[in-house]
Amino acid sequence: MFTYERLVRNLEEVPSFPGIDPQEIAEKLNELMQIGKTPEGGMHRFPYTETETQAKAVFVRWMQELKLQVREDAIGNLYGLYKGQDPTLPVVMTGSHIDSVPNGGAFDGPLGCISSLLAIKAMQQRGVQPKRGIEVVVFVDEEGARFRNGIFGSRVLMGEVSHQDLLRFSDDDGVALVDAMQQAGFTAEDVQKHTRRPEEIHAFLELHIEQGVKLEATSTDIGVVEGIAGPAWLTATYKGNTDHAGNTPMDARKDTVPAAAELILAVEKFPREINNTSVATVGKLHVHPNGSNVIAGETQVTVDVRDIYEEPRAELLARIQEAAYEIAERRGLTVEVEQDVQIPPVLVPEEIQQVIRDAATTCGLSTMPLVSGAGHDAMIMGKYVPSGMVFVPSHNGKSHSPDEWTELSDCVKGVAVMAEALLALAD
């Protein structure tokens with residue numbers, strides 16, 4: 001569980017780098033963590049809510065303290081520009097997100113945003129103004145936890161989303177995405193007003209916790225990401241009959257929960273039959289009416305499918321969809337299968353990887369190549385501009401939970417590498 005005291009317990013052992021204050025990193029992580037903190041010690045911060053608004057206001061204050069040029073676009077992406085010597089040159093963009101999954105951790109997203117911001121502060125402390133501008137971005141709705149519409153802000157930035165696309169999404173309470181945006185002060189019709197042309201962005205760089213165990217297990221400081229697996233979400237909604245659990249004979253039931261259970265077991269089995277890089281997860285179910293003495297007339301299963309290669313991912317999605325229909329037919333049910341977000345996997349250019357390796361070497365830190373099984377805004381940006389990712393260790397690989405943890409020394413090392421890599425890209 002995150003506490004400020006735990007983060008700074010070994011403050012005197014944290015390595016020193018020019019222009020970087022370890023205690024400031026800890027204080028900023030702690031301040032964001034208090035906004036949306038759950039009783040279990042996790043974080044619950046969904047897009048277009050009061051907690052997100054509060055967190056963004058804190059980040060605006062931090063950017064203004066560094067005298068960055070701050071703005072917010074039509075859907076809530078937040079930007080802070082550190083001006084370069086030549087304003088006509090395309091900028092280097094860097095950042096992450098501050099929204100969370102339900103009861104998530106303190107580091108997934110916020111550390112990436114804070115690292116980008118403090119990398120710029122380190123340059124300022126050293127009296128360095130790069131040739132190109134460096135633009136920090138806090139993307140809205142990366143996780144997709146509220147509207148099943150993940151990696152939203154970066155897709156909007158690069159012109160992948162229309163107003164018509166937004167009309168498809170609503171949250172579990174029936175609040176439409178477009179209405180939530182309006183309530184938060186944004187206009188869905190303006191979704192394409194603040195897109196960026198790829199030629200305006202020289203490169204994009206994102207720091208993130210590994211969400212795995214390889215760095216910690218090998219005592220390696222920095223992960224240099226070679227490729228990012230593309231997530232695809234599929235939702236199967238089974239429909240049968242809602243009946244009394246006591247008065248309906250077993251042979252007369254059209255129960256949707258056993259159908260969902262069959263599909264879940266198939267989702268667990270299929271990836272192993274395709275290759276060793278495919279993964280599939282069911283982490284979200286909706287059972288209606290969700291009563292212990294009621295046969296459920298409707299059950300919705302949301303499946304997350306990922307691979308670093310497109311062909312096996314497509315095969316896996318097809319097999320899951322085929323299984324969903326077969327199960328429904330055999331059980332006398334109907335099923336609606338909807339494919340939600342589908343993001344293609346992205347490979348990181350070798351020249352960006354080398355910039356990160358060189359930055360780590362400058363800082364006296366070790367590196368290893370890694371593949372990201374999780375989706376990130378960098379995978380959207382990487383479709384259009386040279387993009388890379390810096391990974392820092394995750395304790396026990398824990399992520400998306402209150403147990404998520406990265407030591408302060410690793411956070412500091414990440415900021416140091418980001419400062420060197422961003423400066424190299426901007427010069």
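These notebook entries record what I looked up in a predicted model.

**Entry 1: helix 3**

I began with helix 3, which spans residues 50-65 and has 16 residues. From its first C-alpha to its last I read 23 Å, close to the 22 Å expected at 1.5 Å a residue.

I then asked which residues of helix 3 are buried. They are E52, A55, K56, V58, F59, W62 and M63. Seen down the helix axis, these buried residues fall within an arc of 155 degrees, so they line one face of helix 3. On the face turned away from the buried side I found the exposed residues E50, Q64 and E65.

Next I looked up what covers the buried residues of helix 3. After helix 3 comes K67, and I recorded its phi as positive, near 60 degrees.

**Entry 2: aromatic rings**

I searched the whole structure for aromatic pairs, and the search gave six. One of them is formed by Y48 and F186. Their arrangement is edge-to-face, with 5.8 Å centre to centre and 65 degrees between the planes. This pair links distant parts of the chain, its members being 138 residues apart. Y48 belongs to the loop between helix 2 and helix 3, and F186 to the loop between helix 7 (177-183) and strand 5 (201-209). I checked the accessibility of Y48 and F186 and found both buried.

I also noted a cluster in which ring pairs link F2, F107 and W405. Over the face of W405 lies R6, at 3.8 Å from the ring centre. A further arginine, R71, has its charged end over the ring of Y79, 4.1 Å from the centre of that ring.

**Entry 3: strand 6**

I turned to strand 6 (residues 222-228) and asked how many of its seven residues are buried. The count is six, so strand 6 is largely enclosed by the rest of the structure.

I then listed pairings of strand 6. With strand 14 (residues 367-372) it runs parallel, joined by six bridges. With strand 15 (residues 387-392) it runs antiparallel, over two bridges. V224 takes part on both sides: it stands opposite P369 in strand 14, and its bridge partner in strand 15 is V390. Strand 13 (residues 346-347) also pairs with strand 6 in the antiparallel sense, over two bridges. There I228 has V346 as its bridge partner.

Terms used:
Residues are numbered from 1 along each chain as its sequence is written. This is a predicted model: local features need pLDDT of at least 70, side-chain atom pairs count only at pLDDT 80 or more; totals for chains, interfaces and linings use all residues. Side-chain values use heavy atoms; hydrogens and water are left out. Helices (H or I, at least four residues) and strands (E, at least two) are DSSP runs, numbered from the N terminus. The expected span of a helix is 1.5 Å times one less than its number of residues. Buried means under 20% relative accessible area, exposed over 50%, partly exposed in between (1.4 Å probe, protein chains only). The arc is that of the directions from the helix axis to the C-beta atoms. Contact means heavy atoms within 4.5 Å. Rings of Phe, Tyr and Trp (its six-membered ring) pair if their centres lie within 6.5 Å; planes under 30 degrees apart count as stacked, over 60 as edge-to-face and the rest as tilted. A charge sits over a ring if NZ of Lys or CZ of Arg is within 6 Å of the ring centre and within 35 degrees of the ring normal. Two strands pair if DSSP finds at least two bridges between them.
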